[in-house]
Amino acid sequence: MKVVFLFIDGVGVREPAADNPVNREVCPALCDLIENHSVPIDACLGVDGLPQSATGQATMFTGVNCPAAMGRHCEGFPGPGLRNIIEENNLFLQLKKRGKKIRFADAYLVEAADELVQRRFKSVTTVMALTAPETVSTLGDLLADRALLQDITRATVQERFPEVRPIPPERAAEHLFSIAQEADFTLFEYFQTDVTGHSMDYARACKVLHVYDRFLGTLLGYVRAAGMTLVMTADHGNIENMSERGHTTNPVPFIAVGPHAKAIREKVKSLQDVTPAMLALFDAF
Ligand SMILES: [Zn+2]
């Protein structure tokens, strides 16, 4: 059983509209997955206000209703309370306990995982990855094409790291597929969709979604041919409504393709169900 888990930040489900760049011209592969291989799931989790990244992602990767636990939706990087919840139990720890090999494919531009411990601001996935430091990918992994950069094409680091050469999205998909072949569970996180969603710049949103779609379309070909399971979801909506700067309360797509896809989709109604569904999958097969 091999699973590729794509976490995409800030992509909700919304009907076609002039200010919704998630459409077939811009991102055909993603739209096909949303239409034919997904269920819309709840990201608000019974708590008033707009869903936010820290609590949404922490919920996705722990199975704990974090907005309810914190009493509100928390933005950006998790504070001490949320970090405790993540460090106590999370998807990586649970998979590790089951003897599964995990890779977090996003490269950190450091020599070794322990350099991340000192960072003041850590994302949910960083906090989770540090509970199983062997999952972390480094600059060395990126230079050897054993990791991806978070922007897929490596365009955003050219000034700081000229030795990291830009690549087309299709190459990044090849890299992720090779990484996934060596692991039981591979995570790739993409957050340019959320960053761009906040910009209210429609043309920029189309560019970002198109790059992601070239990556996704290529990756899908590989995972389907190899009989891998691909799961993909988002922490909250944003980019699907470019008329609003903030997040949306729209449902997010929960996508599953490949072996056991239907059974996985049937288990998931909200972000809280994602980790339990992943664990049930590994326990059953
Ligand atoms: Zn955001």
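## Terms and model

A residue is buried if 20 or more other C-beta atoms lie within 10 Å of its own, exposed if 12 or fewer, and partly exposed in between, with C-beta atoms placed from the backbone. This is a predicted model, in which local features need pLDDT of at least 70 and side-chain atom pairs count only at pLDDT 80 or more, while totals for chains, interfaces and linings use all residues. Numbering starts from 1 along each chain as its sequence is written.

## Helix 13

Helices (H or I, at least four residues) and strands (E, at least two) are DSSP runs, numbered from the N terminus. In helix 13 (residues 274-284), the buried residues are Val274, Thr275, Met278 and Leu281. They lie on the same side of helix 13 because they cover an arc of only 125° around the axis, the arc being that of the directions from the helix axis to the C-beta atoms. Asp283 and Ala284, on the other side of helix 13, are exposed.

Six strands form an open sheet with mixed pairing, in the order 2-6-5-1-4-3; two strands pair if DSSP finds at least two bridges between them. At the edges are strand 2 (38-41) and strand 3 (102-104), each pairing on one side only.

Strand 1 (residues 3-8) pairs with strand 5 (residues 229-233) in the parallel sense, over five bridges. Val3 has Thr229 of strand 5 as its bridge partner.

## The nonpolar core

A nonpolar core is a set of buried Ala, Val, Leu, Ile, Met, Phe, Trp, Tyr and Cys residues joined through C-beta atoms within 7 Å. The largest has 81 residues, of which Leu148, Leu176, Tyr212 and Leu230 touch the most other members. Helix 11 (residues 202-226) gives the most to this core, namely 10 residues.
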